[in-house]
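Here are my notes after a pass through the coordinates.

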Amino acid sequence: MKILTTISDVRETVKSWRAEGLSVGLVPTMGYLHEGHKSLIDRAVAENDRVVVSVFVNPMQFGPTEDLASYPRDLDADARLCEAAGASVIFHPEPEEMYTDGFCSFVDMTGLTQALCGLSRPVHFRGVCTVVSKLFNIVGPDRAYFGEKDAQQLAVVKRMVKDLNMPLTIVGCPIIREADGLAKSSRNTYLSEEGRKEAVILSKSIFLGKKMIEDGERSAAKVTTAMRELINTQPMAEIDYVELVDVNTMKSIEKIEGEILCAIAVKIGDEARLIDNFMMTV
Ligand code: AMP
């Protein structure tokens, strides 16, 4: 497995694969890889002849007060995980390689990006859409793999690909969790021992909401209220949002029907802002 840092090296490598008629999968990540990322890489390896994993902490998707500087990084461990999983290449560019002097072109989306995480992270999805578009243009994959862990991001990327006629398939992959239910995340490393114990309230509230709907509850307010009450039992937990939305529009719903997304974002003290969700067709 090779680690490539320049766009031209990635282009040359993919060109040589294409000359052999090989298919190409892409797994975009910010690194500090865990089992969640590995599930995406495994799926990509199973479905493509060659797989590129990008490891890039994208400055453009972080707001000025967010955790860009402290975001965890460990390229050696990432390389070991990628190699063991059967990836062909890691693309690990410096920010200057991706954003050259004078950079001023962006991919922006209205609607879907102006709800949930878009409200508390106003520049986030512009950064995501721009970097993901660039990665698609650099690698030119047949398929790209995204986790349902970031359900809004998955919906946004699918919409962007459809709206802008990008010639690839987006594959969504299920959320991988710790044994106690907490969704795996690179940001879980920010948690203290106490914070880690309290963070399990996210998945507990997700499982509670899901069970209420499975048992027949159709009032969005009743479900989100019960979830909020459960989260608020933890002293460190501070809710950013607990929402039930239409998965295609990200608009809030009152009655639970159709393709729904229940998404939450919760801060655990000053340690970490974590997200979780479930999707259902009712
Ligand atoms: P990140 O490195 O956090 O930007 O994540 C890169 C990709 O891995 C995104 O598509 C995420 O949705 C996905 N991912 C992160 N954590 C998980 C998880 N616990 N289960 C499944 N996919 C995940």
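Is Lys210 buried, partly exposed or exposed? Lys210 counts as partly exposed, at 31% relative accessibility. For that scale, buried means under 20% relative accessible area, exposed over 50%, and partly exposed in between (1.4 Å probe, protein chains only).

1. Ground rules. This is a predicted model, so local features need pLDDT of at least 70 and side-chain atom pairs count only at pLDDT 80 or more, while totals for chains, interfaces and linings use all residues. Residues are numbered from 1 along each chain as its sequence is written, and side-chain values use heavy atoms, with hydrogens and water left out.

2. Domain layout. The protein chain splits into domain 1 (2–173) and domain 2 (186–281); these bounds come from an automatic or database domain assignment. Taken over C-alpha atoms, the centres of domain 1 and domain 2 are 26 Å apart.

3. The interface between the domains. Here 21 residues of domain 1 are in contact with 18 residues of domain 2, contact meaning heavy atoms within 4.5 Å. Domain 1 and domain 2 bury about 1600 Å² between them, with 59% of it on carbon and sulfur atoms. Buried area here is the accessible area (1.4 Å probe) that two parts lose on being put together, summed over both.

4. Asp67 and Arg187 form a salt bridge, with their closest N and O atoms 2.8 Å apart. There are also 8 residue pairs in polar contact across the interface of domain 1 and domain 2 (both at pLDDT 80 or more). A polar contact is a pair of N or O atoms within 3.5 Å; within protein, one must be able to donate a hydrogen and the other to accept it, and residues adjacent in sequence count only if both atoms are side-chain atoms.

5. What domain 1 brings to the contact. On the side of domain 1 that touches domain 2, helix H5 (117–120) and helix H7 (151–163) each supply at least two residues. H7 gives the largest share of that side, 3 residues. The residues there divide into 10 nonpolar, 6 polar and 5 charged. On the naming, helices (H or I, at least four residues) and strands (E, at least two) are DSSP runs, numbered from the N terminus.

6. Asn277, worth a click. Asn277 sits in strand S9 (residues 272–281) and is buried, at a relative accessible area of 3%.

7. Arg73, in a loop. Arg73 is found between strand S3 (50–55) and helix H3 (75–85) and is partly exposed, with a relative accessible area of 48%. The side chain of Arg73 reaches the backbone oxygen of Tyr71 at 2.8 Å, and one of its polar atoms lies 3.2 Å from the backbone oxygen of Leu68. Not counting residues up to four places away in sequence, Arg73 touches Tyr32, Val57 and Leu68.

8. Salt bridges overall. The structure holds 13 salt bridges. One of them pairs Asp142 with Arg18, the closest N and O atoms being 2.9 Å apart. Asp142 lies in the loop between helix H6 (124–139) and strand S5 (143–147) and Arg18 in helix H1 (residues 7–19), so the pair ties together parts that are 124 residues apart in sequence. Asp142 is partly exposed at 27%, and Arg18 is partly exposed at 31%.

9. Salt bridges within a helix. Asp42 and Lys38 form a salt bridge with closest N and O atoms 2.9 Å apart; both lie in helix H2 (residues 35–47), 4 residues apart, about one turn of the helix. Back to Lys210: its side chain meets that of Glu214 in a salt bridge (3.9 Å, N to O). Glu214 and Lys210 both lie in helix H8 (residues 193–214), 4 residues apart, about one turn of the helix.

Key. Salt bridge = Lys/Arg side-chain N within 4 Å of Asp/Glu carboxyl O. Nonpolar A, V, L, I, M, F, W, Y, C, P; charged D, E, K, R; others polar.
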